[in-house]
Amino acid sequence: MPFKANADRRHHIPAQQHRVKNWAEYDAGLRARGSLTVWFTAEAIEAWHAAPRTTPGGQPCYSDLAITTALTLRAVFRLPLRQTEGLIGSILQLLGLTLPV
């Protein structure tokens with residue numbers, strides 16, 4: 001078996017295509033990748049609450065908008081359901097909204 005048997009598949013990280021000339025702008029761009037901007041419109045806040053239950057007991061019902069928002073955030077951040085619930089709760093707390101999660 002030759003030493004360079006897998007040489008064509010060995011390097012997975014490609015070489016840098018260009019040199020960074022403006023390090024301040026490059027550094028600011030890297031920091032901006034971690035930013036998260038979330039906003040709720042007045043219509044979304046009103047639609048967050050589900051219609052009141054007509055039967056006694058059972059689990060609370062959530063609106064389709066609340067469920068879709070939770071599942072979208074879950075898919076984007078690849079979170080389990082409990083962690084998604086915590087994320088939505090913290091976002092709503094940061095926004096100062098008192099919506100059920």
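**Exercise 1.** Find the exposed residues on the face of helix 4 turned away from its buried side.

*Solution.* Arg82, Gln93 and Leu94 are the exposed residues carried by that face of helix 4. Exposed means over 50% relative accessible area, buried under 20%, partly exposed in between (1.4 Å probe, protein chains only). Helices here are DSSP runs of H or I with at least four residues, numbered from the N terminus.

The model is predicted: local features need pLDDT of at least 70, side-chain atom pairs count only at pLDDT 80 or more, and totals for chains, interfaces and linings use all residues. Residues are numbered from 1 along each chain as its sequence is written, and side-chain values use heavy atoms, without hydrogens and water.

**Exercise 2.** Work out which residues of helix 4 are buried, and why they share a side.

*Solution.* Start with the list: Thr84, Ile88, Ile91 and Leu92 are buried. They lie on the same side of helix 4 because they cover an arc of only 95° around the axis. That arc is taken from the directions from the helix axis to the C-beta atoms. Now look at the cover: it includes helix 2 (42–48) and helix 3 (64–77). Last, go just past helix 4: Gly96 takes a positive phi of about 75°.

**Exercise 3.** Locate the salt bridge found in a search of the whole structure.

*Solution.* The search finds 1. A salt bridge needs a side-chain nitrogen of Lys or Arg within 4 Å of a carboxyl oxygen of Asp or Glu. Asp27 pairs with Arg31, with the closest N and O atoms 3.1 Å apart. Both sit in helix 1 (residues 23–32), 4 residues apart, so about one helical turn separates them. Asp27 is partly exposed at 38% relative accessibility. Arg31 is exposed at 57%.

How values were computed
Helix = DSSP H or I, 4+ residues; strand = E, 2+ residues; numbered from the N terminus. Contact = heavy atoms within 4.5 Å.
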